[in-house]
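This report walks through a structure for a reader who meets it here for the first time. Please look over the sequence and the model before reading on.

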Amino acid sequence: MLDTMEGMDFDIVIDEFEAMTKDAKRVQEETLKKILEENAEAEYLQNSGLKGKTDLESFKTHFPLVTHKELESYIQRIADGDSSPILTGKPITTISLSSGTTQGKPKYVPFNDELVESTMQIYRTSFAFRNRVYPIGSGKALQFIYSSKQFKTKGGLVAGTATTNVFRSAQFKSTMRAMQSLCCSPDEVIFGPDFHQSLYCHLLCGLIFCNEVQYVSSTFAHSIVHAFRTFELVWQELCDDIRCGDLTSQVTVPSIRAAMSKLLKPDPELADLIYSKCSRLSNWYGVIQELFPNAKYIYGIMTGSMEPYVKKLRHYAGDLPLLSADYGSSEGWIGANVNPKLPPELASFAVLPNIGYFEFIPLREMTELSGQDNKSSTLLCVDPKTVGLTEVKVGEEYEIIVTNFAGLYRYRLGDVVKVIGFHNSTPELQFICRRNLLLTVNIDKNTEKDLQLSVEAAAKLLVKETLEVVDFTSHVDFSTDPGHYVIFWEMSGQASDEILRECCNCLDRSFIDAGYVGARKVGAIGALELRVVRRGTFQKILDYYIGLGAAVSQFKTPRCIGPSNSTVLQILCDEVATSYFSTAF
């Protein structure tokens, strides 16, 4: 799929990025003007009263801040086949689906060639900076990438996840060629209909070309961790396949079997070498480094909801550096990682000022508003005032507003970021959390990051029993009075009741939000509950989302299970092995 060829001068890519970011304000003004001019005939713009104006003040006056809810009817008309200019001047011919793990169901998002091109620009930019620090040779990349099924909407538009739409584009293939990233696996594996069979064959292809692998990657860190958790279970079977030159009968998809037959030849010497390496590893520490001796780094999104997997990924990586991939969403990209030496925990992303128009709502100007029944909460802004890309301040936190070339105008992305510096005149952002992922019973407000820190603190108590948390999520249970937090844990083995009670208390104490602590002390929030689920529970959740059409490349474990995710909540509840209530307060 990804052929190697010359044709990309990375010094030029960096020079262009440097020039653009030195004059980010002007580039932003030109980008907004271009977006509004190209889409002037669209119904959404015609109805705005903008009347052809392209200046910033007119734009902000005539366009309100919106969420997906306000645009849903327009997008649905496009999906249903209305080819008139609705959100964009040129017709939208492709629809992207979000992962669906945040709200419980995928969202339709407009997708066009301009989004593909901005994706490629992000890829080229980050690779240029990455390759300057960690140059790769003319080898291959072990990429755990997967394509979900595309389908036709009611109106005949092609629909698929954002990653699938990108992977199937001609621009993706040509960009990967220019980046000298020849994938170990053939197209039939990447686009295979069965994730488990594709994963097995990705691993097998990596082993066949183990001395040529220059780096290991996937869209998300979760996919790499999942791949090597699977490797722990099937490594002997993989060795048998290599030794005999015959693919296991567990792989049944004809197209995958045919493609793998061209690569798989009997190689007892390689099988013995892999067997020997795996046999002498201690708890699989450094397995990636051991299997792929010429690999330079491991690459994927490792921030936000992926940060909990970094510890395990570092365990598998050994001494190989972990490089966090770029910052974006189903709606489009934001910034590139141009500081590849930074560890994932400190990763930042320089905003590319020509791929969209960006505004920021200062978080300190927001106020927390809860639903009347206190069962839903979001961070909204009273009379929100936005600042421009070059007007943000270092150390401040903001919610991002996006206007792009695919029909989103002043769109609230839902992400909270922190400005940690500037690259020339464009800000470098750190992802903090999703704005609407909140645990709340009444006056308490705990974010995804707060949950992650709480779990990390409690998980340290498992070290004495050489156990780890495989995955986790949360839920607010209002069936009790008062309501209380429920934390679901899947663990690598069985811990004693004593340790798990300590973990439960630690989880409770580690939520340090003043509203939570105060409410717990007076009994306005019930005791936190830790529910330990059986091994394989989170695999069932992954399988559920795949069954809905989600791509593994885009999957993120939902960290807070709300009412709209009733099926996932039922899966978790059905798999509870033991539960504990906190006595911390």
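Which elements do the buried residues of α15 pack against? In this predicted model, they pack against α11 (221–244), α14 (287–291), β8 (297–301) and β9 (322–324). The buried residues of α15 are V310, K312, L313, H315, Y316 and A317, and since six of the eight residues of this helix (residues 310–317) are buried, the helix is largely enclosed by the rest of the structure. Just after α15, G318 takes a positive phi of about 70°.

Two of the elements that α15 packs against, β8 and β9, belong to an open sheet of five strands, which follow the order β6-β3-β7-β8-β9 with parallel pairing. At the edges stand β6 (182–183) and β9, each with a single partner strand, so that one side of each is left without a neighbour in the sheet. Further in, strand β3 (residues 140–143) pairs with strand β7 (residues 213–220) in the parallel sense over four bridges, and L142 stands opposite V216 in β7. Across β7 and β8 lies α11, which runs at about 115° to β7.

The nonpolar cores come next. The largest of them has 151 residues, and those with the most contacts inside it are V216, F228, F231, I288, F292 and I298; α11 gives the most to this core, with 11 residues. Leaving aside its neighbours within four places in sequence, I298 is in contact with V216, I224, I288, L313, A317, L320, P321, L322 and L323, and of these partners L313 and A317 are among the buried residues of α15. Apart from this core lies another, of 31 residues, among them A458, L507, A519 and V532.

| Core | Residues in the core | Some of its members |
|---|---|---|
| Largest nonpolar core | 151 residues | V216, F228, F231, I288, F292 and I298 |
| Another core, apart from it | 31 residues | A458, L507, A519 and V532 |

A search of the whole structure finds six cavities of 30 Å³ or more, and the largest cavity has a volume of about 70 Å³. Its lining includes L115, S118, E331, G332, W333 and I334, together with I355, G356, F358, V402, N404 and L413. Both α6 (113–133) and β11 (332–336) supply at least two residues of the lining of the largest cavity, and β11 gives the most to it, with three residues.

How values were computed
Residues numbered from 1 in each chain as written. Predicted model: local features only at pLDDT ≥ 70, side-chain atom pairs only at ≥ 80, totals over all residues. Heavy atoms only, no water. Buried < 20%, exposed > 50% of the residue type's maximum accessible area, 1.4 Å probe, protein only. Contact = heavy atoms within 4.5 Å. Core = buried A, V, L, I, M, F, W, Y, C linked by side-chain atoms within 4.5 Å. Pairing = 2+ DSSP bridges. Axes fitted to C-alpha atoms, helices over the stretch in contact; angles between N-to-C directions. 1 Å grid on protein atoms, 1.4 Å probe; cavity = no way out; pocket = protein on both sides within 12 Å on 5 of 7 lines; lining within 4 Å. Points joined across faces, edges and corners; volume = space filled by probe spheres on them.
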